[in-house]
Amino acid sequence: MEKNTATQILDVAQEMVRNRGYSAFSYADISKQVGIRKASIHYHFPSKDELVKELVKRYREGMMRACDRIAQSNTNPDQQIFQFVDLYRNGLKDKQICLCAMLAADYAVLPQSVREEIQTFFQETEAWLTKLLQQGCDTQKWTCQPEQEAKGLIAMLQGAQLLARCATDSTTTFEQVVYPLLAAKFPSS
C-alpha cells in the first residue's frame, strides 16, 4: 500500500527531528527526501509549526497505542517495565531518540501549540507509567512512590538515550545505564 503524501511528509520530518532537532530541518530538506516541491508540503502543512504540532500529536498517539499494547500483554508489571524501556531502546538502532525529548531541547523556541502537545505527551506517558508502577507496588511488593518513580524513569530513559547516542555501540551503552538501575529498583525484574 502506498503512503499518502501527508504521511510521507510526517515520516520524513519525524526522522529528521529525532536525528537533528527542530531547528536543523527545513521544508527544502523534506522536499528532497519525499521528492515533491516545497509548495506541496505547504499545501498539507502551511507552516513548520503546524507540521511539528501534527508530528508530536501523531507521536504521542503512537506512544499511547504502544503503552496500551503493553498493558494488554498479560505480562506482570516487571515485564511491562522492560517492554516500556524497549520503546526507548529500540529507537537507538536507527540513531533516533524520543521525538519529545529532542524537541524539549528546543522548548524555548517552539510555538505554544507545540509546547502544549509535548506537555500532553509527557503527562500521558507519566500517567500511564504511574499506573503501571502502582500495580507493581500492589502486586510485586515494590517499595516506591509511583508518581515520583514515573518522572524519574522517564528522565533516566531519555538521559540514557542522549548518552547512548554518543557511544560507539548505542544499544549496549543504553542497556549498561538502564538495566542495572532497573534491577536495583525493581528486584523481581
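Visitor: At what angle do helix α4 and helix α7 pack?

Guide: The model is a predicted one. In it, α4 covers residues 48-71 and α7 covers residues 112-139. Their axes lie 9 Å apart, and the packing angle is about 5 degrees.

Visitor: Are α4 and α7 roughly parallel or roughly antiparallel to each other?

Guide: Angles under 35 degrees count as roughly parallel. The angle between α4 and α7 is about 5 degrees. The two helices are therefore roughly parallel.

Visitor: How many charged residues does the contact of α4 with α7 have?

Guide: The contact of α4 with α7 includes 12 nonpolar residues and 3 polar ones. The number of charged residues in that contact is 7.

Visitor: How far does α7 reach from its first C-alpha to its last?

Guide: α7 has 28 residues, and at 1.5 Å a residue the expected reach is 40 Å. The reach in the model is close to that expectation, at 40 Å.

Visitor: Which residue just after α7 takes a positive phi?

Guide: α7 ends at residue 139. Just after the helix, a positive phi of about 60 degrees is taken by K141.

Visitor: Is α5 roughly parallel or roughly antiparallel to α7?

Guide: α5 and α7 have axes 9 Å apart and an angle of about 155 degrees. Angles over 145 degrees count as roughly antiparallel. α5 is therefore, relative to α7, roughly antiparallel.

Visitor: Is the crossing of α5 and α9 left-handed or right-handed?

Guide: Helix α9, residues 170-185, packs with α5 at about 155 degrees, the axes being 11 Å apart. That angle makes α5 roughly antiparallel to α9. While the crossing of α5 and α7 is left-handed, that of α5 and α9 is right-handed.

Visitor: Which element gives the most to the lining of the largest pocket?

Guide: The largest pocket has a volume of about 340 Å³. Its lining takes two or more residues from each of α1 (5-20), α4 and α5 (77-91). With 7 residues, the element that gives the most is α4.

Visitor: Which residues lie nearest the centre of the largest pocket?

Guide: By class, the lining divides into 6 nonpolar, 6 polar and 5 charged residues. Of the 17 lining residues, those nearest the centre are R18, Y59, G62, M63 and L87.

Note on methods
Residues numbered from 1 in each chain as written. Predicted model: local features only at pLDDT ≥ 70, side-chain atom pairs only at ≥ 80, totals over all residues. Heavy atoms only, no water. Axes fitted to C-alpha atoms, helices over the stretch in contact; angles between N-to-C directions. Helix = DSSP H or I, 4+ residues; strand = E, 2+ residues; numbered from the N terminus. Parallel < 35°, antiparallel > 145°, perpendicular 65-115°, else oblique. Nonpolar A, V, L, I, M, F, W, Y, C, P; charged D, E, K, R; others polar. 1 Å grid on protein atoms, 1.4 Å probe; cavity = no way out; pocket = protein on both sides within 12 Å on 5 of 7 lines; lining within 4 Å. Points joined across faces, edges and corners; volume = space filled by probe spheres on them. Expected span 1.5 Å × (residues − 1). Left-handed = near helix turned anticlockwise from the far one by under 90°.
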